[in-house]
Amino acid sequence: MTEPAHQIVFIRHGHSEWNLTDRFTGWTDIPLTEVGLAEAAAAGRQLAQSGFVFDEVHGSVLQRTRQTTEALLDAMGTPEVPLLTSWRLNERHYGSLQGMDKHEIFSTWGEAASRRWWRGYFEPPPPLDINDPRHPRFDPLYQSLDSAALPITESLRDCQQRTLPYWHAVLVPRLREGRRLLVVSHGNTLRGLVMHLDGLSAEAVEQVEIPSGVPLVYRFDADLRVFDHVWLTVSVTTLV
């Protein structure tokens, strides 16, 4: 039987402060909670126990992925592994929904439209106004980028189309070279990558859930066709 030749591990950042109040975070730079840090450490211990070693970590520019990376690598005993960051690995931009909780969103736009925006593939939420202080052009994290490239809202398809160039131009060549990679990103960013790798339809991806702090391992053959994928079980007892 053919054995897999390459593998990559994906993980969604741990629980953040806005998760506590059910607010849509998107590109808002919110830190992890103590629970989120514990989730990341538990994942790191599980990865180490399973024999994983990484040459590089790739993450978004948002602090919740950096904090997840640091806690995870510390728990693995390999804090020296380099972290490379890119805005292309950021969470989906939720436009006008950012900073609002689900009750506010339902009250403003209705539940049916709201659910289409956050679970569907094609339809983006209402965009930010160009002068809205939440616009990423006002954020120092994106000062080096052309403001025309910065989103003011994104559907899952938009997010996927922004992320896939990083997959093809950065991650795939490294996998071919045999580098052992960890990608620390966000729920929708990873949903888009899973959709691409598994060839899922727009309807099927609506059912895909990416839990926080649980490593997802993809293995590939020599031609980088998906061989299989598996979630690593992280014991809740390790969060205590």
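Student: In what order do the elements of the protein chain run from the N terminus on?
Tutor: This is a predicted model. Its elements run β-α-β-α-β-α-α-α-β-α-α-β-β, which comes to seven helices and six strands.

Student: How compact is the protein chain?
Tutor: It is as compact as a globular protein of 240 residues, because its radius of gyration is 18 Å, close to the 18 Å that the globule rule gives.

Student: What share of the residues counts as buried?
Tutor: Of the 240 residues, 52% count as buried.

Student: Which residues touch the most other members in the largest nonpolar core?
Tutor: Ile8, Phe10, Trp167, Leu171, Leu175, Tyr218 and Phe220 do, in a core of 27 residues. The elements that each supply at least two of its residues include β1 (6-12), α5 and β5 (216-220). Helix α5 gives the largest share, eight residues.

Student: What does Phe10 contact, leaving aside neighbours within four places in sequence?
Tutor: Its contacts include Trp167, Val183, Leu190 and Tyr218. There is also a second, separate core of 15 residues, with Ile11, Ala43, Leu47 and Phe54 among them.

Student: New topic. Where does Arg174 lie?
Tutor: Arg174 lies in helix α5, residues 156-176. Setting aside neighbours within four places in sequence, Arg174 is in contact with Glu56, His58, Leu84, Arg179 and Leu181.

Student: How many residues apart along the chain are Arg174 and Glu56?
Tutor: They are 118 residues apart along the chain, and their C-alpha atoms are separated by 9.5 Å.

Notes:
Residues numbered from 1 in each chain as written. Predicted model: local features only at pLDDT ≥ 70, side-chain atom pairs only at ≥ 80, totals over all residues. Heavy atoms only, no water. Helix = DSSP H or I, 4+ residues; strand = E, 2+ residues; numbered from the N terminus. Contact = heavy atoms within 4.5 Å. Core = buried A, V, L, I, M, F, W, Y, C linked by side-chain atoms within 4.5 Å. Buried < 20%, exposed > 50% of the residue type's maximum accessible area, 1.4 Å probe, protein only. Rg over C-alpha atoms; globule rule 2.2 N^0.38 Å.
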